[in-house]
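User: I would like to learn how to read a protein model step by step. Could we work through this one with a few questions?

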Amino acid sequence: MPLLPLAHLLCPIDQSELQQDGNTWRCQNNHCFDIAKQGHVNLLPVQNKKSLDPGDSKEMIAARRDFLNSGVYQPLAIALANTVASLCHGRKQLAVLDAGCGEGYYLNTVSETLIQNDAALCATGLDISKWAVRSCKIRNPNLNGLVASNRQIPLPDQSQDIVLCTFGFPVFDEFKRVLKPNGHIVMADPGPEHLIELRSQIYDTVRRNPPADISAALTDGWQLSDSINVQFTSAPLSAEQFEHLLVMTPHLYRASREGRERAAKLQNIAISGDVLIRVISNSH
C-alpha cells in the first residue's frame with residue numbers, strides 16, 4: 001500500500017485551512033508557504049522562532065543519522081513499530097504524526113511495518129529543526145515533512161490515529177487536539193540505565209532518573225493503556241560511533257570539559273539501552 005501525501009494543513013498565522021496550489025500552500029488570507037525542493041514545508045513563522053536556526057543543528061542531525069543507520073537502536077525502532085502496529089491492527093487507512101521526528105529513523109521503521117500490514121498510510125514527520133525534516137525527507141521522500149513546533153501543530157483537529165513522541169518534548173493538549181477519538185499517544189523516554197556507560201564517563205555523579213512524568217497527559221478520560229520496557233545491549237562501539245552518540249545527545253552540551261575529554265577516549269565498549277514505551281489512550 002502507498003504512503004499518502006498530506007491533504008490538509010493549517011495556516012500557522014491564522015489557523016485557517018491551507019490549500020495546495022502547485023508548489024505552494026496558501027490560506028484564504030493569502031498567507032503562502034512554499035514547498036522546499038526537498039519536499040517539506042516550513043510552517044514555523046519568524047515570530048515563533050526563538051533563534052535563527054531553532055532545534056537540532058545540522059551537525060547533530062548528521063551524527064544522529066549516521067549513528068542510527070549503524071543499527072544500534074534497532075531494537076527500540078522495532079519495538080515502537082510493533083507497538084503502533086498492534087494499536088492499529090485491522091485499520092486500512094491510517095495517519096501517523098511523529099512529533100519531533102529528528103532525521104526520520106523511527107517514523108520510517110514504523111511506516112514500513114504498517115505498509116507491510118496493508119495499511120494506506122499518511123506518515124508525517126514534524127520537527128522544529130529544518131535540518132531534521134530535510135534529513136527525514138532524504139531518508140524516505142514519501143514521508144511528509146513539516147518544519148513546525150509541537151506547541152502549534154499545523155494539522156486539523158482529529159486528523160491523526162497515532163502521535164509518536166520519541167525522546168521528544170510533548171505538548172499533550174496539542175497531541176490530543178490532532179488525535180481522532182480512538183487515537184493514541186506513543187511515547188518513548190530514557191530509563192534510569194539508558195547510556196549508563198557514556199554518562200558514567202561524562203559526569204562525576206550519575207543520576208539514575210525515572211522516565212519523564214506523564215501525569216499531565218492523564219486527564220479528561222486519557223489513561224496509560226500500555227507500558228513496555230525496552231532494554232538492549234549493543235555490540236562494542238567504535239570511537240566514531242561514540243563521537244556520533246555524544247554529538248547527537250544533550251550530554252555533549254551538559255558535560256564539563258573534563259567529561260567531554262573522557263568521553264572522547266571511549267571505544268570498544270558496549271552501551272546499554274533502557275527505554276520506556278508508554279501508550280496514552282482516550283478511554284471515552
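User: In which helix is V133 found?

Analyst: Please keep in mind that what we are looking at is a predicted model. The helix that spans residues 130-139 is the one in which V133 is found, and its name is α4.

User: Is V133 buried or exposed, and what is its relative accessible area?

Analyst: A residue counts as buried when its relative accessible area is under 20%. V133 falls under that cut-off and is therefore buried, since its relative accessible area is 0%.

User: Which residues does V133 touch, not counting those up to four places away in sequence?

Analyst: We leave out the residues up to four places away in sequence and look at what remains in contact with V133. A separate case is I61, which is 72 residues apart from V133 in sequence and 9.5 Å apart in space, C-alpha to C-alpha. The residues that V133 touches are H40, G102, D127, G145, L146 and V147.

User: Which elements are included in what covers the buried residues of α4?

Analyst: The buried residues of α4 are W131, A132, V133, S135, C136 and K137. At the N-terminal end, α4 is capped by S129, with a side-chain oxygen 3.3 Å from the backbone nitrogen of W131. The cover over the buried residues includes α1 (58-69), β7 and β8.

User: Which strands stand at the edges of the open sheet?

Analyst: The sheet is open and mixed in its pairing, and its eight strands follow the order β5-β8-β7-β6-β9-β10-β12-β11. A strand at the edge has a single partner strand, so one side of it is left without a neighbour in the sheet, and this holds for β5 (41-42) and β11 (222-233).

User: Which residue of β8 is the bridge partner of N42?

Analyst: β5 pairs with β8 (residues 144-147) in the parallel sense, over two bridges. In β8, the bridge partner of N42 is V147.

User: At about what angle does α2 run to β12?

Analyst: Helix α2, residues 74-87, lies across β9 (160-166), β10 (179-190), β11 and β12 (272-282). Its direction relative to β12 (272-282) is about 15°.

User: Which element gives the most to the largest nonpolar core?

Analyst: The largest nonpolar core has 51 residues, and F67, Y73, L80, V186, L198 and L245 touch the most other members. With eight residues, the element that gives the most to this core is α2.

User: How many residues are in another core that lies apart from it?

Analyst: Among the residues of this other core are L18, A99, I214 and W222.

How values were computed:
Residues numbered from 1 in each chain as written. Predicted model: local features only at pLDDT ≥ 70, side-chain atom pairs only at ≥ 80, totals over all residues. Heavy atoms only, no water. Pairing = 2+ DSSP bridges. Helix = DSSP H or I, 4+ residues; strand = E, 2+ residues; numbered from the N terminus. Contact = heavy atoms within 4.5 Å. Axes fitted to C-alpha atoms, helices over the stretch in contact; angles between N-to-C directions. Buried < 20%, exposed > 50% of the residue type's maximum accessible area, 1.4 Å probe, protein only. Polar contact = N/O pair within 3.5 Å; in protein donor to acceptor, adjacent residues only side chain to side chain. Core = buried A, V, L, I, M, F, W, Y, C linked by side-chain atoms within 4.5 Å.
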